[in-house]
Amino acid sequence: MSWSGWGDPAKSRELPEQVRKLLHDFLGVRAPEAPAVTLESVRLAPIALAGPQVSALAGVVGPDHVLTSHEARVRHTRGKSTPDLLRMRAGDGSDAPDAVVLPGSHEEVARLLELCARERIAVVPFGGGTSVVGGLAAARAGFTGVIALDLARFDRLLRVDAESMVAEFEPGVRAPDAERLLAPYGLTLGHFPQSFEYATLGGFAAARSSGQASAGYDRFDDMVVGLTVATPSGDLELGRAPKSAAGPDLRQLLLGSEGVFGVITALRLRVRRAPAERLYERWRFASFAAGREAVRAIAQEGPLPAVLRLSDENETMIGLAKPETIEPGGEAGCLAIVGYEGRPATGRDVADGSAGAGIPLSTRRDAVAAVLARMGGEPVGEVSGEEWERGRFSAPYLRDALLAAGATVETLETAGFWSDLPRLYDAVRLALLGELGSPLVMCHISHVYETGASLYFTVVTAQEDDPVAQWERAKAAASTAIVEAGGTITHHHGVGRDHRDAYAAELGPAGVAILQAVKSRLDPAGILNPGVLIPRSG
Ligand SMILES: Cc1cc2nc3c(=O)[nH]c(=O)nc-3n(C[C@H](O)[C@H](O)[C@H](O)COP(=O)(O)OP(=O)(O)OC[C@H]3O[C@@H](n4cnc5c(N)ncnc54)[C@H](O)[C@@H]3O)c2cc1C
């Protein structure tokens, strides 16, 4: 993973000259004056931990699994939001941990938490490091040091219960490895967020992730049937049955808890049969409003496809519906991508990969197509599986090229009930336009429910002298607009530090008090991810 950008540096991309010119002409983008710094010149504070503390950490996990090198600290600094990348490119490593600690077992995690509570060392659970909401930047004040507790050694598939369709994993398994480990069983998770290449299963659970095929395979939190968690106050073993009436479901308290209550050391996940066949198609609608009504009809009438993504006019025009190109497209209206994954109608159609088990792919496709056509959609051809595979993870690489060229590109997301969506869409767009002058604001709907959907915005603007402060202003305006228009501050990115205040406003004082009470009971010394998710108690 690139330390100051996204992904495999070998896959980094240059912006074509024609695109640079378009950015300059339409958005006023100019190349930044200062080039990005090198890894070696990132500024880090001296290591705050005392020698005996480092030795005590090594006593738990072994000396090879405590890293204090400049590079290890830089690589565990913050996450991968655009402000995170801008800060790294400017050499600001001020949030770096003092040490990176890699435990190898649940027992070692439990012992580390005990040690860190005693020594007042803050602990940041670290999965793939792809947080985009400040979920990895712990507040230092009041602690003797900060460690990143990297779960990379928790990389095993522990058990497959094919009868129940449940697989148990360790949390540090990255998404592509999860698919590779399930493949011999003919199974899949079907979780394909854009951060797929690097994010981990523990991170998905801790941040309530949602993937590109959520229509068919559900959000990640809906896949979790059981969790093992180490907390400073003891272990939690949650999930004895798929559903239960035994009081409040504590799994829900841990899902989305972003490491503030405990460290997830094992997860039991519902799996699906790997699809034998995939088909992706494009549909065109006259407008975003018309397309929105069509995807609502699909969400409410069913059957759902595996992938359902509707781009607004701007996103359609710029070609992010085909993220491998960013040249303006000539197609009018709004494009939707509709993907089906399942088994062919061969008489063996007992279980499809995605939702709607038992319905052959072609039957489902025909039913969905009938609804889309009735709602004014026009089919505009298939997307090859290859094109879809290539396109779906390429946008983050483009962000690096845009940053280097002097454009800020960032995303933000929300969700609301169908009846609130038009207002929410307008409010966020207006807030961004009001704050940034004339940015390019694009949006899509890609996670749908019977009662509502998410809105995912991508913003491109020319960098000012202080691009981090510029984005923070825009983000604050968009967050206020979301709250006032009745949306949630996040549909799938999570809370971290960036959304903490808006989350508190969503919960209200009584809700915050519940979280603080749980926090002080499970983590009395407050060592786990301080400053993330909940305001600190007392
Ligand atoms: C380019 C890009 C694209 C993205 N696309 C999507 C997308 O399509 N859908 C989506 O949902 N998200 C997306 N994200 C956001 C991010 O990938 C998700 O939030 C993901 O769930 C984080 O997983 P991770 O393993 O990287 O976790 P990390 O970033 O390492 O951690 C996330 C949070 O969870 C905590 N944590 C991690 N592991 C554990 C554990 N085992 N126990 C307890 N706490 C833990 C951390 O302390 C942190 O607060 C994207 C991010 C980027 C940079």
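Two exercises with worked solutions follow.

This is a predicted model, in which local features need pLDDT of at least 70, side-chain atom pairs count only at pLDDT 80 or more, and totals for chains, interfaces and linings use all residues. Residues are numbered from 1 along each chain as its sequence is written, and side-chain values use heavy atoms, leaving out hydrogens and water.

**Exercise 1.** Describe how helix 4 and helix 15 pack.

*Solution.* Start with the geometry: helix 4 (residues 82-89) and helix 15 (residues 395-405) pack at an angle of about 50°, with their axes 11 Å apart. Helix 4 is therefore oblique to helix 15 (angles under 35 degrees count as roughly parallel, over 145 as roughly antiparallel, 65 to 115 as roughly perpendicular and the rest as oblique). Next, list the contacts (heavy atoms within 4.5 Å): Thr-82, Leu-85, Leu-86 and Arg-89 in helix 4 meet Arg-399, Asp-400, Leu-403 and Ala-404 in helix 15. Finally, sort these residues by type: four are nonpolar, one is polar and three are charged.

**Exercise 2.** Work out the strand order of the open sheet and find its edges.

*Solution.* First trace the order: five strands run 5-6-10-8-9, with antiparallel pairing (two strands pair if DSSP finds at least two bridges between them). Then look at the ends: strand 5 (157-161) and strand 9 (234-238) each have a single partner strand, so one side of each lacks a neighbour in the sheet.

How values were computed. Axes are lines fitted to C-alpha atoms, for helices over the stretch in contact, and angles run from 0 to 180 degrees between N-to-C directions. Helices (H or I, at least four residues) and strands (E, at least two) are DSSP runs, numbered from the N terminus. Ala, Val, Leu, Ile, Met, Phe, Trp, Tyr, Cys and Pro count as nonpolar, Asp, Glu, Lys and Arg as charged, and the others, Gly among them, as polar.
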